Amino acid sequence: MKNISNIFLKQTRKPQLACPETVPVLPCPCGGLHGFTRRGFMASTLGAAFSGIATQSRAAVQYPVEKKALKIGFVPISCAAPLIMAQAKGYFQDEGITVELRKTPGWALIRDNLLNGSFDASHLLSPMPLALSAGAGHTPHPVRAVTMQNSNGQAITLALKHRERRDPRDWKGMTFAIPFEFSMHNLMLRAYLAHYGLDPDHDVTLRVTAPPEMVANLRAGNIDGFLGPEPFNQRAVINEIGFLHILTAEIWDGHPCCALGMTEEFIAENPNTYAAVQRAMIRAAAFMHKMENRLEAAQILSKPEYLNHSELVIRQGLTGHYADGLGNVKNNLHRAEFSPFPYYSSGVWMMEQMQRWGYIPRSVDSRNIVEQVFLLPDVRRQATALALADLPSPENTNYPGFQVLGVPFMASTSPSTQGTKP
């Protein structure tokens, strides 16, 4: 297994992506926990509370939150839209919670502030709670995915000088930026490169880079491309520095990206607060899922206290009506999606990829960790009680199948062919 003692800080090597095709047209809008059994604990503490939840909004007030003022960290990227909407639209306030959103420049600081208690909850990359709970490179810290925030919404962006170099098999020697090692960006880029016969640890260089620095590094020629979040892919296009090689929705349509996380300790000590935050996030996911709300969301996200980016740039990433940097205007209704459900099968894929690339041992019981970390039963129960018309319907299984690069992945048949090195 690779040495990952400083896994969160070191630089690594990375993978890349292939050419995209466009999808349907959108009308133009742009001009078992450690110490106790989680299921039993949540069933007892939340089961009663759910019976009092109003069908369209929030929990009954007879179950007051234990902690009324929360500090929640976020990295200023479009993936944080549900968290920001939960604040801006008043969903946290409806639950009797006052939230202070703390803008944080990078994922290592997000991790540290969550673990040391400076944050009560935090925006996380979806592999992070799995890696933290599995003890990747450090002592295990039980962290839970309270909800997913978004799916899809990322892209591989290449420097304009590579517009004729679209075949990933020609990318040997290139350098790519990723936001963090324990990110879907890293795992998907590695899977993409391996699919085309490249070894992401030897054939290319992968460099951990804060998302706001990706465009500047692309301009300076320090990197050849990046797999990153919005609005930075679209910013590279607007600034005429890069082009969108492929959307991650075209690699794995429906892949999770970011989550909202809490430590197991916080949930155990504040079960009603946990449930209230989860409800607010589910409502925010329903708001973001409705395409008609994306323009308002872009306007809110553009504010200085949130993303502090052009509304036009943010809007293109949210609506899927966008310029690709090569002179084309494209429409892809699946470019950004929002769903709160942390399905176990996607977690198993993440764990298998982290095992594949040596971040965690092969001996780790992936399925057991995923079922502890991803609080899917609670999200299902809360969503059912809320009965929100705009919320996407949940899958009828905890382990839905999906395709990555056209290859079916079924967690029930793991390990998959996507779990071996090239």
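Tutor: The questions below go through pockets, a cavity, cysteines, a glutamine and ring pairs in turn. This is a predicted model, in which local features need pLDDT of at least 70 and side-chain atom pairs count only at pLDDT 80 or more, while totals for chains, interfaces and linings use all residues. Residues are numbered from 1 along each chain as its sequence is written, and side-chain values use heavy atoms, with hydrogens and water left out.

Student: What is the volume of the largest pocket?

Tutor: On a 1 Å grid over the protein atoms alone, a pocket is an open set of points with protein on both sides within 12 Å along at least five of seven lines, a cavity is a set where a 1.4 Å probe fits but cannot get out, and lining residues have an atom within 4 Å of a point. Points are joined across faces, edges and corners, and a volume is the space filled by probe spheres set on them. For the largest pocket this gives about 500 Å³.

Student: Which residues of its lining are the closest to the centre of the largest pocket?

Tutor: The lining divides into 12 nonpolar, 10 polar and 4 charged residues, where Ala, Val, Leu, Ile, Met, Phe, Trp, Tyr, Cys and Pro count as nonpolar, Asp, Glu, Lys and Arg as charged, and the others, Gly among them, as polar. Of the 26 residues that line this pocket, the closest to its centre are Ser151, Gly254, Glu337, Ser339 and Tyr343.

Student: Which helix gives the largest share of the lining of the second largest pocket?

Tutor: The second largest pocket holds about 220 Å³ of space, and of its 13 lining residues the closest to the centre are Leu114, Leu115, Thr263, Glu265 and Phe266. At least two lining residues each come from helix H4 (107–115) and helix H9 (264–269), helices being DSSP runs (H or I) of at least four residues and strands (E) of at least two, numbered from the N terminus. The largest share, 4 residues, is supplied by H9.

Student: Which elements give two or more residues to the lining of the largest cavity?

Tutor: The largest cavity has a volume of about 70 Å³, and its lining includes Cys79, Ser151 and Glu337. The elements that give two or more residues are helix H12 (311–319) and strand E14 (336–337).

Student: How many disulfides does the structure hold?

Tutor: A disulfide is a pair of cysteine sulfur atoms within 2.5 Å. Cys79 is in none, as the nearest cysteine sulfur, that of Cys257, is 3.9 Å away, and Cys258 is in none either, with the sulfur of Cys79 nearest at 4.0 Å. The number of disulfides held is 0.

Student: Which residue's backbone oxygen does the side chain of Gln382 reach?

Tutor: Gln382 lies in helix H15 (residues 376–386) and has a relative accessible area of 0%, so that it counts as buried (under 20%, with exposed over 50% and partly exposed in between, for a 1.4 Å probe and protein chains only). At 3.0 Å, its side chain reaches the backbone oxygen of Ala275.

Student: How is the aromatic pair of Trp171 and Phe176 classed, as stacked, tilted or edge-to-face?

Tutor: Rings of Phe, Tyr and Trp (its six-membered ring) pair if their centres lie within 6.5 Å, and planes under 30 degrees apart count as stacked, over 60 as edge-to-face and the rest as tilted. With 5.5 Å centre to centre and 40° between the planes, the pair of Trp171 and Phe176 is tilted.

How values were computed
Polar contact = N/O pair within 3.5 Å; in protein donor to acceptor, adjacent residues only side chain to side chain.
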